[in-house]
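Have the structure open as you read.

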Amino acid sequence: MAKPLIGVYPGTFDPITNGHLDIITRATRVVDRLIVAVAKNDGKGPLFTTDERLEMVRAELAQIQANGVAIEARPFSSLLMHFAQEVHATVIVRGLRAVSDFEYEFQMAGMNTRLDPKVETVFLMASERQQFISSRFVKEIGWLGGDISSFVSPRVAAKLKERFARDKTS
């Protein structure tokens with residue numbers, strides 16, 4: 001019996017968007033088990049804490065039809081390749097929205113291969129409807145009172161609204 005193919009989809013997920021969910025759903029067609037790795041990444045100055053982001057990711061994962069694939073969300077603060085080794089992953093899943101993403105992701109994949117040549121990076125192109133969604137833009141549009149309902153789930157939109165209201169009053 002072949003070993004299950006374990007994939008890791010890393011990101012900050014601040015917040016998780018419909019674009020992320022698209023990549024997660026499509027990754028379930030490629031791997032037997034998927035770990036959505038929520039990076040601590042305080043250097044990026046996330047809007048939500050790691051625990052809050054993990055909670056949002058887990059709530060969204062509960063809604064996904066996973067094609068029989070086990071999906072879980074876990075936090076990580078180590079080097080991605082160390083995390084991949086820890087969870088016995090052999091695939092890193094990365095989403096590409098536009099050509100501009102490719103250069104950075106290509107360099108990162110090369111570095112990761114140097115760190116562990118047994119782990120492959122698989123790039124999934126964002127679906128046409130999701131190509132221009134980024135967490136940064138969602139936060140900016142939401143902060144300025146724009147409609148973010150087509151970019152995130154109702155649960156995530158509510159969390160963003162709540163956070164923006166709290167931040168604007170403090």
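## A helix pair and a pocket

Helix α5 (residues 135-143) and helix α6 (residues 154-169) have axes that come within 10 Å and cross at roughly 60°. Keep in mind that this is a predicted model. Angles of 65 to 115 degrees would count as roughly perpendicular, and under 35 degrees as roughly parallel; α5 and α6 are therefore oblique to each other. As for handedness, α5 passes α6 in a right-handed crossing.

Who touches whom? On the α5 side, the contact is made by Val138, Lys139, Gly142 and Trp143, and they meet Leu160, Phe164, Asp167 and Lys168 of α6. Sorted by class, that contact of α5 with α6 has 4 nonpolar, 1 polar and 3 charged residues.

Now for the largest pocket, which holds about 1,100 Å³ of space. Its lining takes in 35 residues, and those that lie nearest the centre are Gly11, Thr12, Lys44, Arg94 and Glu105. Elements giving two or more residues to this lining are β1 (6-11), α1 (18-27), β4 (91-96), α4 (99-115) and, again, α5. Which element gives the largest share of the lining? That's α4, with 5 residues.

| Class | Residues in the lining of the largest pocket |
|---|---|
| Nonpolar | 14 residues |
| Polar | 13 residues |

Key:
Residues numbered from 1 in each chain as written. Predicted model: local features only at pLDDT ≥ 70, side-chain atom pairs only at ≥ 80, totals over all residues. Heavy atoms only, no water. Axes fitted to C-alpha atoms, helices over the stretch in contact; angles between N-to-C directions. Helix = DSSP H or I, 4+ residues; strand = E, 2+ residues; numbered from the N terminus. Parallel < 35°, antiparallel > 145°, perpendicular 65-115°, else oblique. Left-handed = near helix turned anticlockwise from the far one by under 90°. Contact = heavy atoms within 4.5 Å. Nonpolar A, V, L, I, M, F, W, Y, C, P; charged D, E, K, R; others polar. 1 Å grid on protein atoms, 1.4 Å probe; cavity = no way out; pocket = protein on both sides within 12 Å on 5 of 7 lines; lining within 4 Å. Points joined across faces, edges and corners; volume = space filled by probe spheres on them.
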